[in-house]
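Subject: Structure for you to look at

Hello,

Here is the structure I said I would pass on. Please open it beside this email and follow along as you read.

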Amino acid sequence: MIRKYTFGNPMETDAVVHKIEKETGEVPFMGVGADQLAFTYKMDDNTRIYGLGENVRGINKRGWRYISNCSDDPNHREEKNSLYAAHNFIIIEGKERFGLFFDYPGMLTFDLGYTSSNDVSIIPAEDGLDLYIIEGESIKDIVKQFRRMIGRSYIAPKWAFGYGQSRWSYMDEDEIREVVKEHRDAGIPLDSVYMDIDYMERYKDFTINENAFPEFPKFVEELKEQNIHLVPIIDAGVKIEEGYDVYEEGVEKGYFCKEEDGTDFVAAVWPGKVHFPDMLNPDARKWFGQKYKLLLDQGIEGFWNDMNEPAIFYSEKHLDEVFEQLEDFKGKNIDLDLYYKFNSLVGGISNNPDDYKRFYHKFHGETVRHDKVHNLFGYNMTRAAGEAFEEMEPDKRILMFSRSSYVGMHRYGGIWTGDNLSWWSHLLLNIRMMPSLNMVGILYTGADIGGFGADTTEDLMMRWLEFGIFTPLFRNHSAMGTRCQEVYRFENIDAFKNIIGIRYGLLPYIYSEYMKAALKDEMYFRPLAFDYPEDDFAARVEDQLLIGDGLMTAPVYEQNAKGRYVYLPEKLKMVKMKSLTERSVELLDQGHHYVDIDLDETVIFIRPNHVIPMSSGGQSVAEVDFGSLELLGYVEDKAVYELYDDDGYGKDYENSDHYTTITVSQDGTVTAKGIIERRYTLSI
């Protein structure tokens, strides 16, 4: 059951696609403030809180203060309150069970037992929001109802489930050729190479640096012949430069965000001074989306949107103000107080909160100050692309993922979890973040494997890959100035080849489970508590995840660890894999176990009466044979698996021909019902 309550005059965000009629009367479960709009709830000692999509800390969000305020901040430490996204959905599970979605585009604070350990307090910056309260028979039921309400999750092309290599600093064709050659020569599977800002002409969106990429369409085709897709970045700021067509068109048509006096707002990011397209204006959004055609026409089939919180290095006006104030420091003895004042002036230039109050949008026919709708910017930038792709490539899937997002953007693209660091704690954060993102519909997601900033290590990269092979977005990405972390640069190349090879072996299962989760509004990643609600200890486990219907992973995320403790809520089959062919199997009883896990070893756990369809792998997704499958199973009585497979490019998702029902009996007999003939071998 879903109830909707409206407070004030909410702004329409388009987060909800299946509309719910507004109710009147008292709001159930929550207290509502009379003088200030605030929502309160009293927890008991055992209440848990799940959700908030992309955010810091654990799967259970109780005990901290979170703020929905899309922020360009690469320092994802526990003390932070905001990351790049605003996903205002939580589920409270305790003496009562219900979900809450606050459809509100401004700053929203979730105090979840922080100020007082048993008190929930949720406060918007201003009045005007829609509150949806969802009741269900289980946590998974509440998630499913919410997901149906907000619409189907984005579906990526099949090639985008392969391994991707990225680095900020691939400067030209030859560097990219070298990356591809090194992977192919070492036998390391690869499907995509990502192009960061260096491919552009002086950081201008929808341009190509012709000195570095003199015949770009031919280069794109050259790599496609090797089953490699190039994926360029698109940034939110449009460079201010006479003669640059995107800039001149935007100025002429009035498509950029304005200051209060109606002049175009001037900020700065990579190119220096820029204007921001008004992504909330439907006309400007359509105009910006059509610009992706320049790259689509040259053979590009995937993009990633960046800096779309939006990030601001400085605004022109605020920078002038800072320079004026710095004059006062000349000739002075800068003591402790002045030193901190100086630091705050200079350090506060980028992403300054006041700058987000300096510019305006045309939103539903009204002029709206940016901070009141801040969390919608990145969502609508990706929406611009998604809507354009539907028009320009109606029958073809285009890869799209973003850094910033709001609920609703999941219909147009996925996300990567932003500029993380090469820290073991960020590997754990990656693990814990996946279910919360799935709850808000973001299924195509993953972190920068190995860490974006700082210097990774061989063991961190290996352990991160052993988890990353399960994330739909499977990309190694690092920053300029850090240690180069392409896996062929490390000592144990064979181990990396084998780990990435396991991903390609598991691809029939990973792709099938992803597609079913998207098409049925379910979760690909789940905490143990969601599937074992009667198991009190399962609710305490935050470093093991269920993946799809039949598999559990328990990654190693500590330096120098030789294994880890795992909790099994039922008897499971443990499969240790050093490669697709080198593996061992052991049945483990329900309960607590210490499991030895070598550095180069991937471990999965299979649930009773389930099978995992596997391929023999390949150097790219195009080489994976989905028609000849090994069934890696744990069959006590009978296992039934619903396999989804399609061509990976088209959009006829509802076609029943994509499904095959595979049944494995206790004696090892395999039967399959479906239009596609496949060959099966059984390993149980």
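Below are my notes, taken region by region.

First, the ground rules. The model is predicted, so local features need pLDDT of at least 70 and side-chain atom pairs count only at pLDDT 80 or more, while totals for chains, interfaces and linings use all residues. Residues are numbered from 1 along each chain as its sequence is written, and side-chain values use heavy atoms, with hydrogens and water left out.

The N-terminal annotation and its sheet

UniProt, in an unreviewed entry, places "domain: Glycoside hydrolase family 31 N-terminal" at residues 33-111. UniProt positions are given here in the numbering of this model, feature names are shortened, and annotations may be inferred rather than shown by experiment. Over residues 33-111 the chain is 0% helix and 39% strand, with the end C-alpha atoms 15 Å apart. Helices (H or I, at least four residues) and strands (E, at least two) are DSSP runs, numbered from the N terminus.

An open sheet of five strands has the order 2-3-10-9-5, and its pairing is antiparallel. Two strands pair if DSSP finds at least two bridges between them. Strand 2 (31-32) and strand 5 are at the edges with a single partner strand each, so one side of each has no neighbour in the sheet. Strand 2 pairs with strand 3 (residues 39-42) over two bridges, and V32 has F39 as its bridge partner in strand 3.

Is strand 5 enclosed or open? Four of the five residues of strand 5 (residues 64-68) are buried, so the rest of the structure largely encloses this strand. Buried means under 20% relative accessible area, exposed means over 50%, and partly exposed is in between (1.4 Å probe, protein chains only).

Strand 18 (residues 302-306) has five of its five residues buried. In a regular strand the side chains alternate between the two faces of the sheet. For strand 18, G302, W304 and D306 are on one side and F303 and N305 on the other, and all are buried. Strand 18 pairs in the parallel sense with strand 14 (residues 229-235) over three bridges, where I233 stands opposite W304. Four bridges join strand 18 to strand 22 (residues 399-402), also parallel, and N305 has S402 as its bridge partner there.

Helix 5 (residues 282-290) and helix 9 (residues 377-392) pack at about 65°, with their axes 8 Å apart. Axes are lines fitted to C-alpha atoms, for helices over the stretch in contact, and angles run from 0 to 180 degrees between N-to-C directions. Residues making this contact (heavy atoms within 4.5 Å) include R285 and F288 of helix 5 and M381 and E387 of helix 9.

Most residues other than glycine have a negative phi, and most peptide bonds are trans. Which residues have a positive phi without being a glycine? N351 is one, at about 50°, and H364 is another, at about 55°. N351 is in the loop between helix 8 (336-347) and strand 20 (360-363), and is partly exposed at 21% relative accessibility. H364 is in the loop between strand 20 and strand 21 (366-369). The peptide bond from E309 to P310 is cis, with omega near 0°; P310 is in the loop between strand 18 and strand 19 (314-315).

Three strands form an open sheet in the order 36-37-41, with mixed pairing. Strand 36 and strand 41 (679-683) are its edge strands. Strand 37 and strand 41 run parallel, joined by five bridges, and E630 has T681 as its bridge partner in strand 41. Helix 12 (residues 493-519) packs on this sheet, touching strand 36 and strand 37.

S620 is in the loop between strand 36 (610-614) and strand 37 (628-634). S620 is buried, at 0% relative accessible area. Leaving aside neighbours within four places in sequence, S620 is in contact with R184, L190, D191, N227 and Y504.

Regards
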